[in-house]
Structure formats: structure tokens, C-alpha cells
Amino acid sequence: MAAALALAIKDMSGANRPHELTLSPLVALLLLVNGGVLVAAIRVHGQRLARRRTVLRGLQHGGLWLYAAVCALLLVIATATAIDVFLAR
């Protein structure tokens with residue numbers, strides 16, 4: 001996600017309008033890969049949480065879900081921008 005955010009910031013710093021964002025398809029792809037890794041991490045952590053419940057593990061699991069929600073929101077925004085870029089050409 002850090003790479004996707006860095007690319008998005010670099011792309012936005014050089015663009016004046018949304019149709020000038022050229023790296024949005026790459027940002028969307030990076031966030032999609034990040035989502036796949038995140039699903040695996042939530043799954044593994046959920047299995048650990050099922051074995052032994054503690055407050056800290058519960059908070060960590062909630063944090064993973066919050067992180068997943070933020071990533072999903074960024075993925076939707078990047079995908080919408082990528083579609084706008086392709087339609088503007």
C-alpha cells in the first residue's frame with residue numbers, strides 16, 4: 001500500500017487535472033495485489049484468534065479490518081480514476 005500511495009502522490013503532484021493522472025492504473029493494480037495479501041493475512045489472523053482469544057488479538061484483528069476498508073476505498077477511487085483516464089483519451 002505504501003508503494004501505491006507513493007505513486008499516487010507522485011502522479012498527483014505533477015498533474016493539474018484528473019485526466020492527466022497517468023499512473024492510476026498501476027496504483028489500482030498495486031492496491032489489488034495488496035488486497036489479496038490482506039485477505040490472506042486476515043484469514044490467518046482469524047484462525048489464530050479462534051484458537052486463543054485475547055483483547056490484543058481482537059484489537060489487531062479489528063485493525064486489520066479497518067486497514068482493509070481503507071485499502072478498498074482507495075482501490076475504488078484509483079479504479080474510477082483509471083477509468084476516467086482511459087475514457088479521456
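A nonpolar core is a set of buried Ala, Val, Leu, Ile, Met, Phe, Trp, Tyr and Cys residues joined through side-chain atoms within 4.5 Å. Here buried means under 20% relative accessible area, exposed means over 50%, and partly exposed lies in between (1.4 Å probe, protein chains only). This is a predicted model, in which local features need pLDDT of at least 70 and side-chain atom pairs count only at pLDDT 80 or more, while totals for chains, interfaces and linings use all residues. Residues are numbered from 1 along each chain as its sequence is written, and side-chain values use heavy atoms, with hydrogens and water left out.

**The cores**

Which residues make up the largest nonpolar core? It has seven: A4, L7, A8, V27, A28, L31 and A78. Helix 1 (2-13) and helix 2 are the elements that give two or more residues to this core; helices are DSSP runs (H or I, at least four residues) numbered from the N terminus. A second, separate core has five residues, among them L38, I42, A68 and C71.

**How the helices pack**

Two packed helices are described by the angle between their axes and the distance between the axes. Axes are lines fitted to C-alpha atoms over the stretch in contact, and angles run from 0 to 180 degrees between N-to-C directions.

| Helix pair | Angle | Axis distance |
|---|---|---|
| Helix 1 and helix 2 | roughly 165° | within 9 Å |
| Helix 2 (24-51) and helix 3 (55-88) | about 160° | 9 Å |

Where helix 1 meets helix 2, A3, A4, L7, A8 and D11 face S24, L26, V27, L30 and L31 in contact (heavy atoms within 4.5 Å).

**Two residues of helix 3**

H61 lies in helix 3. Is H61 buried or exposed? At 14% relative accessibility, H61 counts as buried. Leaving aside neighbours within four places in sequence, H61 touches I42, H45, G46 and L49.

A80 also lies in helix 3, but A80 is partly exposed, with a relative accessible area of 38%. Although A80 and S24 are 56 residues apart in sequence, their C-alpha atoms are 8.9 Å apart in space.
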